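Here is a walk through one protein chain, taken piece by piece. Keep the viewer open and follow along.

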Amino acid sequence: MLVSALLMSVGINSCLCVLLFILYSILRKQPHNYEVFLPRRLVAGTSKRRRNKVARYIPSVRWIWKSWRPTEEQLMESSGLDGVVFMRMITFSLKVFLFAGIIGVFVILPVNVFGDQLTQINYADWSANSLDIFSVVNLNTRSPWLWVHFGAIYLVTAFVCCLLYLEFRYIGMKRIEYFHSSKPQPQQFTILVRNIPSDDGRRTVSDAVDNFFRENHPSTYLSHVVIHRTSKLRSVVDNAKKLYKKVHHKKSDPQRVKKTPMRFFSRKDTPEGHYEKVLQELEHNIRLGQAEVSSPGKEVRAAFVSFKSRYGAAMALHMPQSVNPTHWLTEPAPEPHDVHWPFFSASFMQKWLSKIVIAFACLILTTLFLVPVVLVQGLTNLSALEYFFPFLTLILSMKIVSQIITGYLPSLILQTSLKIVPPIMEFLSSFQGHICHSDIQKSACNKVIWFTIWNVFFATVFSGSAFYKLSVILDPKEILFKLAVAVPAQASFFIAYVVTTGWTDTLTELFRVVPFMVSYVKRSLEPTEEEFEVPPMRYHRDTPRVLFFGLLGITYFFLAPLILPFIFLYFVLAYIIYRNQFINVYEPKYETGGMFWPMIHYTMIFSLVLMHGIAIGLFALKKMELATYLLVPLPVFTLLFNEFCRKRFMPIFTAYPAEVLTKRDREDQNDPRMGEFYHNLVSAYQDPALRPLRFSGSSRNDSLTSPLLSSTSTSGEV
């Protein structure tokens, strides 16, 4: 890739960024776009309807200042600790690439440029040169200037490890602080108990749980909720709720009914009357289904067990409950609204088979994704395109066309293909037996991270530079040498990838393109005042993306330091845009207490070790024996550092210390609201499919048609 192609790509994307920022500042002021760009403020009632129509069309950058202004404490209050952890990941990356950028741009880059490995350098017209002159490829074998790169590797590794230690400690302290500052939560007093042993039908599961915990935890046991098999009933309840909302909105706007008559009903039966009859029938069926599911023998041998104190719940969680280690298995309970109910009904064999099937499905998806990767790398090789498609020779000979094809189009195709990966991984993770949505998202996040690293980094590197040498690459003895050759050769592609994919991804996040288009289509087809939900942050989609650009920066900082300014600008854009999204768009749906940080930490450690492996192979190829031997201990020290952090900080993320739990329990003893909390805790983990519902407006009070739930009962979750 030539410098001119990179300059054109940077120019196009810079102009695009400026134009889109201006367009966004106008679109967000339009009242009909509040649901897309300001849903949190719209629900909270803090978004002001502008009376001056002229002001709506005047660009403004005040939203950037408003996004920058809130403190971390305010961000934690509005978006939870998970939002703080996500932003700390971005600020951590900014610190790393500010430090690495200073070393890379002002020290390593000049050393690379004035090397003499590439003899054909056009000093009169720099734009006509290849980007390889800015990389380590331009240094000769045994060049003493390679010691500059050696020192930079040690400096950046030490700096990143120090930051990782400080961040891990800080997030751990924030986790404890968040626990102390939060109100009593049901999951703090509750555990999930599985594999409840049967006694040949002499007692129900509920009686077995009650007797066991009253006998073994008499001073702390409070109540329990047995889990039932409600998969089929849940689908009926969900359909009934959707139909009820549809009827409710039609009733609230009778003019819409007149404008859109439904002709498939007879004159004697209006659409509203038909829907009312359907809802009454659904009400009746749901009651019968709830009675059937609640009957003995329909229970799952699992229950949510609540205790009077956090310390009591922790003791029951971490202590074996039975002589038989396969009975009375305990695990932490998620938040009530975070529970993923479908897989409670699955047997052990179903869960075991589902994990095997999901692993196989991920393998197939990874293999199929090699098709767009190979296509992308084919576009970067004009000679190969001319060979396979000779009729394109004339078009490809045009300078502007060749620059677009090699500099912009490959990254755009790869970016488009990657958009479908996070939802697919979330769908697959939902069948792995996780009991809560947060675990599903963490599992999906982990899958997307390694999928991206393998398919975008390794597959791109090998298919672009050593596709015909895979048999050699699979040899462990040759892998470091092949990486040392293949990774620098793809520097130009990844620089273009950061400029195109990185910058446009953040702008896509700012514009929320899909929700914006859906909102526009709905307004065009049928204006509606239906209620909308504030969207949650999709951590499994955005966290892997940010981490991957961090991996690119760490890997290429000494190979092709020209990438560092573009990565730094990417994180600056990400910092501004994601703060704006947390403040104005996303509302926390659940809270993991910062459990995404260990995943971030381990990915950064992997990035460092990968960089060390490439460096060892590079110095070996450059015949720098002493430097090679001196670099070998570096990945070992990095892995030892990771093990130290794991031993030092992970216990805080696994369970809260006893002194923290007992302190909160003592504080709650003087809280007069705890009586009401315990009362609500009894029913906090009741299956939503078993909660009473009322869809009809009937005032009859018999056992089947009486109102299933008053308006206060529908929000019975704590």
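Axes here are lines fitted to C-alpha atoms, for helices over the stretch in contact, and angles run from 0 to 180 degrees between N-to-C directions. The model itself is predicted. Two packed helices are described by the angle between their axes and the distance between the axes.

Start with helix 5, residues 72-113. Helix 5 packs against helix 26, residues 597-621, at an angle of about 25°. Their axes lie 10 Å apart. Angles under 35 degrees count as roughly parallel, so helix 5 is roughly parallel to helix 26. The crossing of this pair is right-handed. Helix 5 brings Val85, Arg88, Met89 and Phe92 to the contact. Helix 26 answers with Trp597, Ile600 and Met604. By class, that contact has 6 nonpolar residues, 1 charged residue and no polar ones.

Stay on helix 5 and look for another partner. Helix 25, residues 563-584, packs against helix 5 at about 165°. The axes of helix 5 and helix 25 are 9 Å apart. Angles over 145 degrees count as roughly antiparallel, and helix 5 and helix 25 are therefore roughly antiparallel to each other. Their crossing is left-handed. The contact of helix 5 with helix 25 has 19 nonpolar, 6 polar and 1 charged residues.

Now return to helix 26. Helix 28, residues 633-654, packs against helix 26 with an angle of about 175° between them. The distance between the two axes is 10 Å. The angle makes helix 26 roughly antiparallel to helix 28. Which residues of helix 26 meet helix 28? They are Trp597, Pro598, His601, Tyr602, Ile605, Leu608, Val609, His612 and Ile616. Facing them in helix 28 are residues including Leu634, Pro635, Phe641, Arg646, Met650 and Phe653. By class, the contact of helix 26 with helix 28 has 14 nonpolar, 4 polar and 1 charged residues. Trp597 takes part here, and Trp597 also belongs to the contact with helix 5.

An open sheet of 4 strands has the order 2-3-1-4. The pairing is antiparallel. Which strands form the edges? Strand 2 (221-228) and strand 4 (329-332) do, and each pairs on one side only. From one strand to the next, the twist averages 30°. Strand 1, residues 190-194, is joined to strand 4 by 4 bridges. In strand 4, Thr330 stands opposite Val193.

A helix covers part of this sheet. Helix 30, residues 674-681, lies across strand 1, strand 2 and strand 3 (299-307). Helix 30 runs at about 175° to strand 3.

Finish with the aromatic rings. A pair of aromatic rings is described by the distance of the centres and the angle of the planes. With ring centres within 6.5 Å as the cut-off, the count comes to 48 aromatic pairs. One of them is Phe189 with Tyr678, an edge-to-face pair. Their centres are 6.1 Å apart, with 90° between the planes.

Key: Residues numbered from 1 in each chain as written. Predicted model: local features only at pLDDT ≥ 70, side-chain atom pairs only at ≥ 80, totals over all residues. Heavy atoms only, no water. Helix = DSSP H or I, 4+ residues; strand = E, 2+ residues; numbered from the N terminus. Parallel < 35°, antiparallel > 145°, perpendicular 65-115°, else oblique. Left-handed = near helix turned anticlockwise from the far one by under 90°. Contact = heavy atoms within 4.5 Å. Nonpolar A, V, L, I, M, F, W, Y, C, P; charged D, E, K, R; others polar. Pairing = 2+ DSSP bridges. Phe/Tyr/Trp six-rings, centres within 6.5 Å; stacked < 30°, edge-to-face > 60°.
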